[in-house]
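Please keep the sequence and the 3D view at hand while reading.

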Amino acid sequence: MIRLENVTTTFGKGQELFTAVKDVTLDIQAGSIHGIIGFSGAGKSTLLRNINLLQRPTSGQVFVDGVELTGLSEGDLRKQRHDIGMIFQHFNLLNNRTAQQNVELNLKFAGVPKKERRERALEALSIVDLADKASAYPGQLSGGQKQRISIARALVTEPKVLLCDEPTSAVDPRTTTSVLQYLSDINASLGITTVIVTHEMNVIKAIADKVSVMEDGAVVEEFALTSLQDPSFEPITPIGRYLISDDITLNRQPKQANNLAANVARV
Amino acid sequence: MNFTSVVLATSNGSAAAFSLDRIIELAPEIWVAMAQTFAMLLVAIPIAILLGTPLGIWLYSMSPNGLRPRPKLHRVVDGLVNTIRSFPFLILLIAIIPFTRFVVGTTIGTAAVIVPLTINAIPYFARFVEQNISQLGNGVVEAAQAMGATRGQIIREVLLVEAKPALLSSITIMTVSFISYSAMAGLVGGGGIGDFAIRYGYYRYETGVMLLAIVLMILLVHAVQFIGTRLSRAADKR
C-alpha cells in the first residue's frame, strides 16, 4: 500500500546541511499496522511526513496505493491526500470550531456537499464514541477525547491510509491504551493501513504488526512483532535490542547513610 | 506670553467652565463634532479591515515560513508597510494632500481627513493580521495541508477562524488609537470631538468645554473597549 524508494530528506544547506532521512526504502503492506520507532531526532516524524509529502523528500520516490505522489502536481497531490488521513501528537484541532465542525471541515476540503457532511461527521464521531460531544469545543474536552476527535476527523473521508505522528505522546497511560484500542479496532474493522510513529516500545508491542527501527535518519532494522514471541529472537542492532527491553535501567549510587542522617538532623 | 498668564487665563476659563449655559450653547456643535468623529471612524476602520486583512494575509503567506514563501517580494512590501507606519500622523496628513485631493476632491473637511486616517490604518491593521495569524503556530496549518486543503481554504477556513478573537481585539485597539488620531483632524478643518476639545479648550481656554469633550472621548473609548472585549471573549472558544 505504501512504498518508499531511496527517500532522503535534508534540511538547510552548506555547512548547516542536516540529513533527517537517509536513503530509506520501505514497504508497508495493505491493512497492516506498521510502527516506526526511534529516539528523538532519529528522523521518524520526518519519514512519516514524507509519506503524504507534508515534507517533500529531497530525493527518492513515494508511492501510496500505486500512485507516485512525488510525481504529482500540487492539485493532484491534494486530491490524493483526501485518501491519506493523519493524526498528530498535539491533535491540531481548531479551537474555535466544535468537534463536529472540525470533522466536517475535512469533508469540506474534500468537496463533499453540505447536506452529506453533517451525517458523515456524526457517523465518524460515533466510531470513536463521541457523538454526544459533537457540539463541544476542543477546549472543553480531555486530551484523550481530543485525540479521538482528531481520529474521527481523519477517518471521515474514508482514507486508505492513516498516518499517526506520536498519537499517544501527549496523553496519560490509561488514555494511551484507549486511543490505541480505537486505532486497533478501526484497523481491524475498516482495514485502513496504519503507520504509527512513536518513541514508546510498549505502544509498538501493543498495536503494531511490523516495526522499523530508525537511527540517525536510517532504518537500521525491521521485524515482525510476532517474532518477539520466539524466545530466541533478538534484534540485530544494539538500538533494536535496547528498545525492545524498554526498561529504565539507572546506575544507582549507594545511599550515603551519614549524609542523610546529617541532613535529617539539620532539619 | 509668559507662564503666569497662561495659568491665570486657564483658571479664568475654568471659572466659566462650570457654566451650564455655555455648554448648552455649544451643544449643537458638540453633536456635530461627535458625528464627525463617528463618520471618520465608520469609514476609516471598515476600509482598513477590508484592505488591511488581505495585506496582512499576504505578508504572512509570502514570508519565509509562510504558505507561499516569496522572501524578496515580502521584503519590499514589508518595508513599504513599515515606512507608512513610521510617519507621524500629522506629517502623513500633510504629505498626502495631493492624493487626498485626487480621491475626495477636497483637502479640507471631514472627508479630507478620512483619507489619511484610512491610509494610516491599513498597514496598521495589516500588521495585526500578520501577527495574529503567525502566532497560531504551524499545527493547524499542517493538519489542513494533510487534509488536502488549498491555500485559500487554509486562510478562510482555518487561519481566519482561529485568529478571530485576536483580530477582534486588534480592531478594538485600532479603533481606540484612531479616536486619538482623529483629534488631529482639526489641522485640515476635519472637525470631530478631539478637534473640538483643542479649539475650545486649548486655544480659547474654555477648560470646562474641553473637559466635557474629553469626558465624551473617554466614554467613547470605554464603550469601544467594552464592546470589543465582549465580542472577542465570545468568539474565543479555547
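## A hairpin in chain A

In this predicted model, strand S9 (residues 210-215) and strand S10 (residues 218-224) of chain A run antiparallel and are joined by six bridges.

S9(A) and S10(A) form a hairpin with two residues between them. A:Asp216, which sits in the turn, has a positive phi of about 50°.

## The sheet around the hairpin

Strands of a sheet pair through backbone hydrogen bonds, and this pairing may be either parallel or antiparallel. In chain A, six strands make up an open sheet whose order is S6-S7-S8-S3-S9-S10, and the pairing within it is mixed. Strand S6 (84-87) and S10 of chain A are the edge strands, each of them pairing on one side only. On average, and with direction ignored, neighbouring strands of this sheet are turned by 15° against each other.

## Two helices of chain B

In chain B, the axes of helix H6 (residues 110-134) and helix H8 (residues 151-181) come within 9 Å and cross at roughly 150°, and the crossing of H6(B) and H8(B) is right-handed.

The residues of H6(B) that take part in the contact include B:Leu117, B:Tyr124, B:Phe125 and B:Phe128, while those of H8(B) include B:Leu159, B:Leu167, B:Met174 and B:Phe178. By class, the contact of H6(B) with H8(B) has 14 nonpolar and three polar residues, with no charged residues.

## Where the chains meet

How many residues of chain A are in contact with chain B? On the side of chain A there are 21 such residues, and they are in contact with 19 residues of chain B. Helix H2 (74-81) and helix H3 (99-109) of chain A each supply at least two residues of the side of chain A that touches chain B, and the largest share of that side, four residues, comes from H3(A).

Sorted by class, the side of chain A that touches chain B has eight nonpolar, eight polar and five charged residues.

Definitions and conventions: Residues numbered from 1 in each chain as written. Chains lettered and ligands numbered in written order. Predicted model: local features only at pLDDT ≥ 70, side-chain atom pairs only at ≥ 80, totals over all residues. Axes fitted to C-alpha atoms, helices over the stretch in contact; angles between N-to-C directions. Left-handed = near helix turned anticlockwise from the far one by under 90°. Contact = placed C-beta atoms within 7 Å. Nonpolar A, V, L, I, M, F, W, Y, C, P; charged D, E, K, R; others polar. Pairing = 2+ DSSP bridges.
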